[in-house]
Amino acid sequence: MRWCRFEEDGRAVHGIVEGDRVVAVEGDPFNGHAPTGRVHRLSGIRLLPPVVPPTFYAVGLNYARHIREAADRKGVPADLPTQPDVGYRANNALIGHGADIAIPEGATRVHYEGEVVAVIGRTARNVSEAEALDHVLGYTIGNDVSERNWQRSDRTFWRAKNADTFKPMGPWIDTEARLDRMETIVRRNGEETIRFRTDDMIFGVATFISTMSRYLTLHPGDVIWMGTDGSSPDLQAGDEVEIEITGIGTLRNRLVGAS
């Protein structure tokens with residue numbers, strides 16, 4: 001099943017994607033839902049982020065090539081993590097599929113990061129790795145946009161990672177996608193820039209959920225962005241970034257200049 005969230009008559013509603021149409025529902029995938037009988041063409045609606053998470057978690061460094069390439073650019077040895085490590089992001093940065101990424105005034109080095117996003121479907125507290133994936137509703141796609149110069153200068157990454165529009169997410173949540181069958185392909189202006197096995201992580205989704213749940217409770221609707229592989233070119237206003245993850249779909253957003 002594919003769950004989306006979209007704008008209908010000025011309000012956000014959830015829907016189930018069925019081919020090229022969306023069936024609107026009352027309720028949501030976390031607390032129950034009922035059919036409304038309202039059906040829309042998928043091409044005729046404005047998709048929103050498929051969930052507004054109670055807590056927005058983001059894994060930092062979780063793919064070996066990404067870490068090694070960054071270390072090579074700096075001329076230092078690669079320092080691979082020895083345990084799962086997670087941080088937080090801000091909901092104000094979320095936008096949906098097709099929405100524009102606004103480059104803030106003063107930003108000079110903007111990059112993408114294509115990430116698979118795990119969406120929690122059931123409360124998780126002190127769960128084992130064997131149980132962890134039972135608490136996942138499904139997966140969606142995230143584009144972790146960053147301003148690299150600000151990332152170096154701002155101790156908490158408050159601008160570099162959390163500026164408005166810097167976290168496109170969507171287009172929907174796929175409840176049947178399989179991590180072991182996923183491949184992530186990123187394109188800039190239609191040209192492929194990187195491709196990698198989505199599940200080629202240092203620490204997988206189950207490990208993160210189990211580790212996190214020892215210390216904090218994961219709630220339905222929480223999201224965990226799982227990191228990226230490779231590196232990004234410098235992006236400019238007018239560029240369009242597509243992140244395709246097989247089994248889920250494609251997240252597409254265009255960059256625009258500061259208004």
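This report describes the fold of one predicted protein chain, from its overall form to a few single residues.

## The model and its terms

Because this is a predicted model, local features are described only where pLDDT is at least 70 and side-chain atom pairs count only at pLDDT 80 or more, while totals for chains, interfaces and linings use all residues. Residues are numbered from 1 along each chain as its sequence is written, and side-chain values use heavy atoms, with hydrogens and water left out.

## The chain as a whole

The chain has four helices and 19 strands; helices (H or I, at least four residues) and strands (E, at least two) are DSSP runs, numbered from the N terminus. Along its principal axes, the C-alpha trace spans about 60 × 45 × 30 Å. A compact globule of 259 residues would have a radius of gyration near 18 Å, and the chain agrees with this, having 18 Å; the radius is taken over C-alpha atoms, and the globule rule is 2.2 Å times the number of residues to the power 0.38.

Of the 259 residues, 51% count as buried, where buried means under 20% relative accessible area, exposed means over 50%, and partly exposed lies in between (1.4 Å probe, protein chains only). Among the contacts with a separation of 6 or more, 71% come from residues 24 or more positions apart, a contact being heavy atoms within 4.5 Å. The chain exposes about 12,000 Å², and carbon and sulfur atoms supply 45% of that area, which comes from the Shrake-Rupley method with a 1.4 Å probe; for residues, only the protein chains shown count as cover.

Strand E1 (residues 2-8) pairs with strand E2 (residues 11-18) in the antiparallel sense over seven bridges, and two strands are said to pair if DSSP finds at least two bridges between them. In this pairing, Arg2 stands opposite Val17 in E2. The hairpin of E1 and E2 has two residues between the strands, and Asp9, which lies in that loop, has a positive phi of about 55 degrees although it is not a glycine. Asp9 counts as exposed, at 78% relative accessibility.

E2 also pairs with strand E3 (residues 21-28), again in the antiparallel sense, here over five bridges. Glu18 stands opposite Arg21 in E3, and the hairpin of E2 and E3 has two residues between its strands, with Gly19 in the turn taking a positive phi of about 65 degrees.

## Strand E12 and its partners

Strand E12 (residues 136-143) is mostly covered, since eight of its eight residues are buried. E12 pairs with strand E11 (residues 114-120) in the antiparallel sense over seven bridges, and in this pairing Asn143 of E12 is the bridge partner of Gly114. Three bridges also join E12 to strand E14 (residues 167-174), and these two strands run antiparallel; here Tyr139 stands opposite Asp174 in E14.

E14 is also the place of Pro171, and the peptide bond from Gly170 to Pro171 is cis, with omega near 0 degrees. Most residues other than glycine have a negative phi, and most peptide bonds are trans.

## An open sheet of five strands

An open sheet with mixed pairing has the strand order E9-E19-E18-E15-E16. Strand E9 (101-102) and strand E16 (191-197) stand at its edges, each with a single partner strand, so one side of each is left without a neighbour in the sheet. Strand E15 (residues 183-188) and E16 pair in the antiparallel sense over six bridges, and Phe196 in E16 is the bridge partner of Thr184.

Helix H4 (residues 205-213) is largely enclosed by the rest of the structure, because nine of its nine residues are buried. The buried residues include Val205, Phe208 and Met212, and their cover includes strand E6 (56-59), strand E7 (86-88), E11, helix H2 (129-132), E12 and strand E17 (223-225).

Asn31, found in the loop between E3 and strand E4 (32-41), is exposed, with a relative accessible area of 68%. The C-alpha atoms of Asn31 and Gly121 are separated by 9.4 Å, although these residues are 90 residues apart along the chain. Phe157 is found in the loop between helix H3 (148-153) and E14, and Phe157 has a positive phi of about 60 degrees although it is not a glycine. With a relative accessible area of 28%, Phe157 is partly exposed.
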